[in-house]
Amino acid sequence: MKNLNFINARKKKELTQAELAKLLKFVSKATISNWETGYSKPRLEMALTVSEILGEDVAFLFGYNVQESCT
């Protein structure tokens, strides 16, 4: 199921998948695509970083569908 909140927030910031991936450093364009299609979900720490970049709440962007930290 597509994550339209995440897709729309990225587009609102006028970022491509590749540009957002570059801002997140160790993330690939494919990873961003997987988050958008619902194939995978980010870890909590990454979800928080994404929410800061996109200026949206984590719950709005991902619901509560984030992986727990493995620390």
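Colleague: Among contacts between residues at least 6 apart in sequence, what share joins residues at least 24 apart?
Modeller: This is a predicted model. The protein has 71 residues. Take its contacts between residues at least 6 apart in sequence; those joining residues at least 24 apart come to 52%.

Colleague: Which secondary structure elements does the protein have, and in what run from the N terminus?
Modeller: The protein has zero strands. Its helices number five. From the N terminus on, the elements run α-α-α-α-α.

Colleague: What percentage of the accessible surface belongs to carbon and sulfur atoms?
Modeller: Buried residues make up 32% of the protein. The accessible surface comes to about 4,800 Å². Of that surface, the part belonging to carbon and sulfur atoms is 54%.

Colleague: Which residues have the most contacts inside the largest nonpolar core?
Modeller: The largest nonpolar core has 15 residues. Helices H1 (4-12), H2 (17-23), H3 (29-37), H4 (44-54) and H5 (58-62) each supply at least two residues of this core. Those with the most contacts inside the core are Phe-6, Ile-32 and Val-50.

Colleague: Which residues does Phe-6 touch, not counting residues up to four places away in sequence?
Modeller: Phe-6 is one of the buried residues of H1. Those buried residues pack against H2, H3, H4 and H5. Phe-6 itself touches Leu-20, Ile-32, Trp-35, Glu-36, Val-50, Leu-54, Leu-61 and Phe-62.

Colleague: Within what arc do the buried residues of H1 fall, seen down its axis?
Modeller: In H1, the buried residues are Phe-6, Ile-7, Ala-9 and Arg-10. An α-helix has 3.6 residues a turn, so residues three or four places apart point the same way. The buried residues of H1 line one face of the helix, because they fall within an arc of 165°.

Colleague: Which residues are exposed on the other side of H1?
Modeller: The buried residues of H1 pack against H2, H3, H4 and H5. The other side of H1 carries exposed residues. They are Leu-4, Lys-11 and Lys-12.

Colleague: Which residue follows H1 with a positive phi?
Modeller: H1 spans 4-12. The residue in question comes after that helix, with phi near 60°. It is Glu-14.

Colleague: How many residues apart in sequence are the parts tied together by Glu-36 and Arg-10?
Modeller: Glu-36 forms a salt bridge with Arg-10, with the closest N and O atoms 2.5 Å apart. Glu-36 lies in helix H3 and Arg-10 in helix H1, so the pair ties together parts separated in sequence by 26 residues.

Colleague: Are Glu-36 and Arg-10 buried or exposed?
Modeller: The cut-off for buried is under 20% relative accessible area. Both Glu-36 and Arg-10 count as buried.

Colleague: What is the relative accessible area of Glu-56?
Modeller: Lys-12 counts as exposed, at 64% relative accessibility. Glu-56 is partly exposed. Its relative accessible area is 22%.

Colleague: What is the length of the polar contact between the side chains of Gln-17 and Glu-36?
Modeller: Gln-17 lies in helix H2. At 14% relative accessibility, Gln-17 counts as buried. Its contacts beyond four places in sequence include Arg-10, Ile-32 and Glu-36. The polar contact that joins the side chains of Gln-17 and Glu-36 is 2.7 Å.

Definitions and conventions
Residues are numbered from 1 along each chain as its sequence is written. This is a predicted model: local features need pLDDT of at least 70, side-chain atom pairs count only at pLDDT 80 or more; totals for chains, interfaces and linings use all residues. Side-chain values use heavy atoms; hydrogens and water are left out. Helices (H or I, at least four residues) and strands (E, at least two) are DSSP runs, numbered from the N terminus. Buried means under 20% relative accessible area, exposed over 50%, partly exposed in between (1.4 Å probe, protein chains only). Contact means heavy atoms within 4.5 Å. Accessible areas come from the Shrake-Rupley method with a 1.4 Å probe; for residues, only the protein chains shown count as cover. A nonpolar core is a set of buried Ala, Val, Leu, Ile, Met, Phe, Trp, Tyr and Cys residues joined through side-chain atoms within 4.5 Å. The arc is that of the directions from the helix axis to the C-beta atoms. A salt bridge is a side-chain nitrogen of Lys or Arg within 4 Å of a carboxyl oxygen of Asp or Glu. A polar contact is a pair of N or O atoms within 3.5 Å; within protein, one must be able to donate a hydrogen and the other to accept it, and residues adjacent in sequence count only if both atoms are side-chain atoms.
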